[in-house]
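This briefing walks through a single structure, topic by topic, for a reader who has the sequence and the coordinates at hand. Please keep both in view while going through the points that follow.

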Amino acid sequence: MSRPSRRVATSILLHGDRILILKRSAAVGSFQHHWSGVSGFVERGEEPLETSQREVEEETGIPRARLELLARGTPRRVEKPDKIFEVHSFLYRCASDRVRLDWENDDFAWVTPGSLRDYRTVPWLPEMVAELLAGQ
């Protein structure tokens with residue numbers, strides 16, 4: 001039996017030497033209460049880059065005009081028992097550190113990349129951040 005596959009866009013925002021992480025709420029479909037970048041499903045007819053910018057606006061209130069794309073990661077495959085995620089990652093320099101959360105996340109923090117291991121993150125986040133920062 002084949003598992004359904006979903007494309008996901010994850011954005012890492014960099015402000016100074018810190019990155020934004022969000023704590024996923026109980027209302028989301030996967031990885032509840034884990035820390036993550038800004039993430040969302042790629043909608044039909046949408047490119048992952050468009051998704052990433054739309055999701056940043058929706059989940060943080062930071063407009064696209066305040067973002068500067070620094071790097072794109074290699075898409076990674078994340079397998080769960082019931083589905084497969086194809087995760088597209090992006091790194092942006094962000095002109096603002098003011099965040100307005102929507103229902104998808106309960107909390108946010110601006111942290112140094114090295115401190116990610118102190119948080120309960122989605123499984124691939126530390127490696128994704130390292131790859132994106134190396135590619136800028």
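Predicted model: local features only at pLDDT ≥ 70, side-chain atom pairs only at ≥ 80, totals over all residues.

Strand E2 is mostly covered, with five of its seven residues buried.

**Strand pairing**

- E1 and E2 run antiparallel and are joined by two bridges, and His15 stands opposite Arg18 in E2.
- The hairpin of E1 and E2 has two residues between its strands, and within this hairpin Gly16 takes a positive phi near 65°.
- E2 also pairs with E8 in the antiparallel sense, over six bridges, and here Ile19 stands opposite Val111 in E8.
- With E3, the pairing of E2 is again antiparallel and runs over two bridges, with Trp35 in E3 as the bridge partner of Lys23.

**Nonpolar cores**

- The largest nonpolar core has 22 residues, and those with the most contacts inside it are Ile19 and Ile21.
- Strands E1 (5–15), E2 (18–24), E5 (67–72), E7 and E8, together with H2, each supply at least two residues of this core, and the largest share, four residues, comes from H2.
- Leaving aside residues up to four places away in sequence, Ile21 touches Trp35, Ser36, Asp107, Phe108, Ala109, Val111, Leu116, Tyr119 and Leu125.
- In soluble globular proteins, nonpolar side chains tend to be buried together.

**Aromatic pairs**

- A search of the whole structure finds three aromatic pairs, including that of Trp35 and Tyr119, whose ring centres are 5.3 Å apart and whose planes stand at 70°, so the pair is edge-to-face.
- Because Trp35 lies in strand E3 (residues 35–36) and Tyr119 in the loop between strand E8 (105–111) and helix H2 (125–134), this pair ties together parts that are 84 residues apart in sequence.
- Trp35 counts as buried at 10% relative accessibility, whereas Tyr119, with a relative accessible area of 28%, is partly exposed.
- Phe41 and Phe85 form a stacked aromatic pair, 6.4 Å from centre to centre and with 20° between the planes.
- Phe41 lies in strand E4 (residues 38–41) and Phe85 in strand E7 (residues 84–94), so this pair ties together parts that are 44 residues apart in sequence.
- Phe41 is partly exposed, with a relative accessible area of 32%, whereas Phe85 is buried, with a relative accessible area of 5%.
- The charged end of Arg6 sits over the ring of Phe41, 3.8 Å from the ring centre.

Terms used. Residues numbered from 1 in each chain as written. Heavy atoms only, no water. Phe/Tyr/Trp six-rings, centres within 6.5 Å; stacked < 30°, edge-to-face > 60°. Buried < 20%, exposed > 50% of the residue type's maximum accessible area, 1.4 Å probe, protein only. Lys NZ or Arg CZ within 6 Å of the ring centre and 35° of its normal. Core = buried A, V, L, I, M, F, W, Y, C linked by side-chain atoms within 4.5 Å. Contact = heavy atoms within 4.5 Å. Pairing = 2+ DSSP bridges.
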